Amino acid sequence: MPQTGPTRGSATNLPLPRFVSLKANEANVRRGPSLSHRIDWVFTKRNYPLEVIAEYGHWRRVRDMEGATGWLHYSLISGVRTALVTDDTVDLFSRPDTGSRLAAQAEKGVILRLLECNISWCKVSASGYKGWVLKSGLWGVRSDEILE
């Protein structure tokens with residue numbers, strides 16, 4: 001029987017997959033959902049966007065921009081939404097319109113705080129700058145996602 005609507009996490013009842021961000025400055029990514037599982041690598045960028053793809057108790061299976069997956073303790077992630085610049089540079093405009101004033105530019109790898117998104121644009125902030133950026137140059141927000 002086909003499933004209707006988004007999948008929900010067994011621990012949180014929140015939609016899966018969903019985007020979150022790294023709350024900690026450093027987070028061990030484990031092979032499985034417990035402290036006894038081996039650490040595969042360590043995230044070292046606070047606010048880095050991650051996609052939660054599964055839940056098991058207090059553990060969340062996350063995927064990063066490169067597609068690597070592993071398990072993080074839920075206390076290490078936040079519901080604060082961020083996105084990673086994937087294009088070489090993205091332009092931040094004063095309005096969601098490429099004809100509006102250029103407010104700033106962000107380079108590939110920069111983490112932007114998502115303030116709101118419509119179907120094509122996201123209002124973002126970083127390092128004291130605010131502006132509207134085209135969603136297509138970001139990772140951390142779904143193409144069909146609206147954030148208010």
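Student: Which residues do ring pairs link into a cluster?
Tutor: This is a predicted model, in which local features need pLDDT of at least 70 and side-chain atom pairs count only at pLDDT 80 or more, while totals for chains, interfaces and linings use all residues. Residues are numbered from 1 along each chain as its sequence is written, and side-chain values use heavy atoms, with hydrogens and water left out. Rings of Phe, Tyr and Trp (its six-membered ring) pair if their centres lie within 6.5 Å; planes under 30 degrees apart are stacked, over 60 edge-to-face, and the rest tilted. The cluster joined by such pairs consists of Trp41, Phe43 and Tyr48.

Student: How many aromatic pairs does the structure hold, and what is the angle between the planes of Trp41 and Phe43?
Tutor: The structure holds 4 aromatic pairs. Trp41 and Phe43 form one that is edge-to-face, with 5.9 Å centre to centre and a plane angle of 80°.

Student: Is Phe43 buried or exposed?
Tutor: Buried means under 20% relative accessible area, exposed over 50%, and partly exposed in between (1.4 Å probe, protein chains only). Trp41 has 26% relative accessibility, so Trp41 is partly exposed. Phe43 has 7% relative accessibility and therefore counts as buried.

Student: How many residues apart are Phe93 and Trp121?
Tutor: Phe93 and Trp121 form an edge-to-face pair, 5.9 Å centre to centre with 80° between the planes. Strands are DSSP runs (E, at least two residues), numbered from the N terminus. Phe93 lies in strand β11 and Trp121 in strand β14, so the pair links distant parts of the chain. Their separation is 28 residues.

Student: The side chain of Ser78 reaches the backbone nitrogen of which residue?
Tutor: Ser78 is in strand β9 (residues 77-78), and at 16% relative accessibility Ser78 counts as buried. Leaving out residues up to four places away in sequence, Ser78 touches Val20, Ser21 and Lys23 (heavy atoms within 4.5 Å). At 3.0 Å, the Ser78 side chain reaches the backbone nitrogen of Val80.

Key:
Helices (H or I, at least four residues) and strands (E, at least two) are DSSP runs, numbered from the N terminus. A polar contact is a pair of N or O atoms within 3.5 Å; within protein, one must be able to donate a hydrogen and the other to accept it, and residues adjacent in sequence count only if both atoms are side-chain atoms.
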